[in-house]
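Hello,

Here is the structure you were going to look at. My notes follow below it.

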Amino acid sequence: MTSTIKYDWYQTDRAVTVTVLLKNAAEKNYSVALEQNQIVLNADGIETITIHLWDAINVEQSSHKAFPSKVEIKLSKLVGHRWEALEKPEAVKSAAAESTTAKKNHDWDKISKDIEKQEAEDKPEGEAAVQDLFRKIYADANEDTKKAMMKSFYESGGTVLSTNWAEVGAKTVDVKPPDGCEFKKWD
């Protein structure tokens, strides 16, 4: 804002009202330009204020009216929520200006490769490492090895995992609980 014109504002969930103090306000000595994200008020062709709004407004449903000592601008919010302020902070305004003036080109293939590289460097620990090992073995295995793993794990109640289909395919896999544990079958 580069002006001595003073203004105040208040809001509801659906609208914002900006009151601009302007002596002898009449249709002939001021103009208001409403845009979706800003208001520009020009008084006597000399003083101008520009307000970069916090959020978008519905220009068609917004209006302004002159009174003897002020101009009242009623803005219809596009999205019904409370604004934190009337104007966007400077950082937000400059970021919005940059994004509208110059689009950044992203190399999505490079970003994807960087993420895969980072995931490969992050080594899991404990049970997660064991699970990852079994997933890798299963994913890289041929069909016989996959069948052996599924059959041995299922028939043993999760206590045996074999990759040898010749051994597992010929007979039923027995339950082999860890030392110090006993297997109990539930009916």
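Tyr30 has Ala43 of strand 4 as its opposite residue. Strand 3 (residues 30–34) and strand 4 (residues 38–43) are antiparallel and joined by five bridges, and the two make a hairpin with three residues between them. Strands here are DSSP runs of E with at least two residues, helices are runs of H or I with at least four, and both are numbered from the N terminus. Two strands count as paired if DSSP finds at least two bridges between them.

This is a predicted model, in which local features need pLDDT of at least 70 and side-chain atom pairs pLDDT 80 or more, while totals for chains, interfaces and linings use all residues. Residues are numbered from 1 along each chain as its sequence is written, and side-chain values use heavy atoms, without hydrogens and water.

There is also an open sheet of four strands, in the order 1-2-7-6 with antiparallel pairing. Its edge strands, each pairing on one side only, are strand 1 (7–11) and strand 6 (57–66). Strand 1 pairs with strand 2 (residues 15–21) in the antiparallel sense over five bridges; within this pair, Trp9 has Val18 in strand 2 as its bridge partner.

Which residue is found in the loop between helix 2 (108–121) and helix 3 (127–140)? That residue is Asp122. On the surface, Asp122 gathers with Glu116, Glu119 and Glu121 in a patch of negative charge. Asp and Glu count as negative, Lys and Arg as positive, and His and the chain ends are not counted; the charge is placed at CG of Asp or CD of Glu.

Regards

How values were computed: Patches are made of residues with over 30% relative accessible area and no salt bridge: like charges are joined within 9 Å, nonpolar side chains (Val, Leu, Ile, Met, Phe, Trp, Tyr) within 5 Å. Accessible areas come from the Shrake-Rupley method with a 1.4 Å probe; for residues, only the protein chains shown count as cover. A salt bridge is a side-chain nitrogen of Lys or Arg within 4 Å of a carboxyl oxygen of Asp or Glu.
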